[in-house]
Amino acid sequence: MTREYPSDPPPLTRVVFLIDDLHRPNGIVSATDLLATEMRRRGLDVDLWCFGPCDDDLRDRHHVVNPFPGRRLTSRMAGFERSRQRLRPVRRVVGALWWPLVRVWMHCLASSWDEGTMVIGAGLESTLLVAQAGVRPRILVSQVHEDVSSLTPRQCDLVRQAAQVSRVVSVLTPSGIGTLAGWGLEAVCLVDPAPPLLGRADPATSQTVVYLGRLARAKQVDHLIEAFAAVAPAGWKLRIYGDGPARESLEAQARASGADIALCGTVQDIGKVLRGAAIHALPSRAEGLGMSVLEANMVGLPTVAYDCTAGIRMSAGPDAFLVPNGDRQAFQETLGSLMSDAEARARAGELAFEYGQSFAAPVVVNRWFALWGMLNRPQGPGREQG
């Protein structure tokens, strides 16, 4: 049925995030942290319902709620299919007794939600668990943090299920709205925020290329190592930050290249790394919004990347150096050309900085407030389930 809208809509007073876990490194966690921090700065009450592990620093800085106490003892534990065979029957029995109690617990937690509460489904699986418990907030916005065109069949199914219990689904790009419209779903475009990194890079004088991200096959860091070794001028170095299953093979490739390439592990101060660089490189074959691109923009650092998704085009902006996805020769030539042209790097850095300001957390939160107003008007998107 169509929702009845009040003539004087309630102000937004509380935001509740539903998220699968709060464990870094994770782009969804970073975006949620930034949004929650800015919303709380605006005077809103902000709760983070976390259905998995939570880093200590996030628990200290936010009001984190565990709606699933004892989950690891049940069949609803993460990775239940991989648990020991002899323990599964026990977990099923515990789960059968545990789920009714958890439903009551979640309803008690949600009893404080009033007309001014917006619930954001940052994790689709968490959103569906809340719905299965029978908790139906007045306004629920489910988020898709991946580029819609690159979703797996299972992820597409999760989006469709979450849409059935949501007022609207948020996607990262305008093209994502069109795709969901083709599925018969309503969507809005809301980008993830970029962190407020202090200071500016000096790409004209630096001689360092940096990569920030997971070391996994899909990130194609081997393309970057190969390209850098082929075209790097004397004095240039490549520094790779992150960890993952491909680290050992990448270290061997770096050693064999003969170039000044080092894998530096994870890093806490991303801003310091980016401010000391001349170029940020991202050779991924698929990305959502590309958090490392947003971070590079915030300090005025130009990016060379594969034009792999609409999310990358959105995060990088119209003046970034995007090459055809998977074209290793084009990636190599673009990287070499930019390393050899200090003026081009300086100009590109200025454009990146200007573009990046539209992703600052205060700007993005303003859009969430605008969405709240739209959802409380008769012409706003979304229909109540029922």
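Mentor: We'll go from the model itself to the sheets, helices, one histidine and a cavity.

Trainee: What kind of model is this?

Mentor: This is a predicted model, where local features need pLDDT of at least 70, side-chain atom pairs count only at pLDDT 80 or more, and totals for chains, interfaces and linings use all residues. Residues are numbered from 1 along each chain as its sequence is written, and side-chain values use heavy atoms, with hydrogens and water left out.

Trainee: What's the average pLDDT of the chain?

Mentor: The chain averages 89, and 89% of the residues score at least 70. pLDDT is the predictor's confidence in each residue, from 0 to 100.

Trainee: Where is confidence lowest, and where is it highest?

Mentor: Helix α3 (residues 88–110) is lowest, at a mean of 81, and β4 is highest, at 98. Also look at residues 382–386, where pLDDT stays under 50. The model has 16 contacts for that stretch beyond four places in sequence. A contact means heavy atoms within 4.5 Å. Where pLDDT is low, the predicted coordinates should not be read in detail.

Trainee: OK. How many helices and strands are in the chain?

Mentor: The chain has 14 helices and 13 strands. Both are DSSP runs numbered from the N terminus: helices are H or I with at least four residues, strands are E with at least two.

Trainee: What order do the strands take in the sheet of seven?

Mentor: The order is β3-β2-β1-β4-β5-β6-β7, in an open sheet with parallel pairing. Two strands pair if DSSP finds at least two bridges between them.

Trainee: Which strands stand at the edges?

Mentor: β3 (63–65) and β7 (187–189) do. Each has a single partner strand, so one side of each is left without a neighbour in the sheet. Neighbouring strands here are turned by 25° against each other on average, direction ignored. Axes are lines fitted to C-alpha atoms, for helices over the stretch in contact, and angles run from 0 to 180 degrees between N-to-C directions.

Trainee: How many bridges join β1 to β2?

Mentor: Six, and the two strands run parallel. In β2, Asp 45 is the bridge partner of Arg 14. On the β4 side, β1 (residues 14–19) pairs with β4 (residues 117–121) over five bridges, also in the parallel sense. Leu 18 stands opposite Gly 121 there.

Trainee: Which helix packs on that sheet?

Mentor: Helix α1 (residues 27–41) is one that does. It touches β1, β2 (45–50), β4 and β5 (140–143), and its direction makes about 170° with that of β1.

Trainee: Next topic: what about the sheet of six strands?

Mentor: That open sheet runs β10-β9-β8-β11-β12-β13, with parallel pairing. β10 (261–263) and β13 (321–324) are at its edges, each with a single partner strand, so one side of each is left without a neighbour in the sheet. Inside it, five bridges join β8 (residues 208–212) to β9 (residues 237–241). Thr 208 stands opposite Lys 237 in β9.

Trainee: Which strands does α10 lie across?

Mentor: α10 lies across β8, β11 (279–282) and β12 (303–307), running at about 170° to β11. Helix α12 (residues 328–339) lies across β8, β11, β12 and β13, at about 165° to β12.

Trainee: Is α10 mostly covered or mostly open, and how many of its residues are buried?

Mentor: Mostly covered: eight of its eight residues, 291–298, are buried. Buried means under 20% relative accessible area, with a 1.4 Å probe and protein chains only. Among them are Met 291, Glu 295 and Asn 297. Gly 300 follows α10, with a positive phi near 75°. Over the chain's 386 residues, 53% count as buried.

Trainee: Where is His 145, and why does it count as buried?

Mentor: His 145 is in the loop between β5 and α5 (153–164). It counts as buried because its relative accessibility is 10%. Its contacts, leaving aside neighbours within four places in sequence, include Ile 28, Asp 192 and Gly 288. Asp 192 is 47 residues away along the chain, yet the two C-alpha atoms are separated by 8.1 Å.

Trainee: Last one. How much space lies in the largest cavity?

Mentor: About 40 Å³. The structure holds one cavity of 30 Å³ or more. A cavity is a set of points on a 1 Å grid over the protein atoms alone where a 1.4 Å probe fits but cannot get out; lining residues have an atom within 4 Å of a point. Grid points are joined across faces, edges and corners, and the volume is the space filled by probe spheres set on the points.

Trainee: Which residues line it?

Mentor: Leu 18, Thr 127, Arg 136 and Val 165 are among them. Helix α4 (residues 124–132) gives the largest share of the lining, three residues.

Technical notes
Buried < 20%, exposed > 50% of the residue type's maximum accessible area, 1.4 Å probe, protein only. 1 Å grid on protein atoms, 1.4 Å probe; cavity = no way out; pocket = protein on both sides within 12 Å on 5 of 7 lines; lining within 4 Å.
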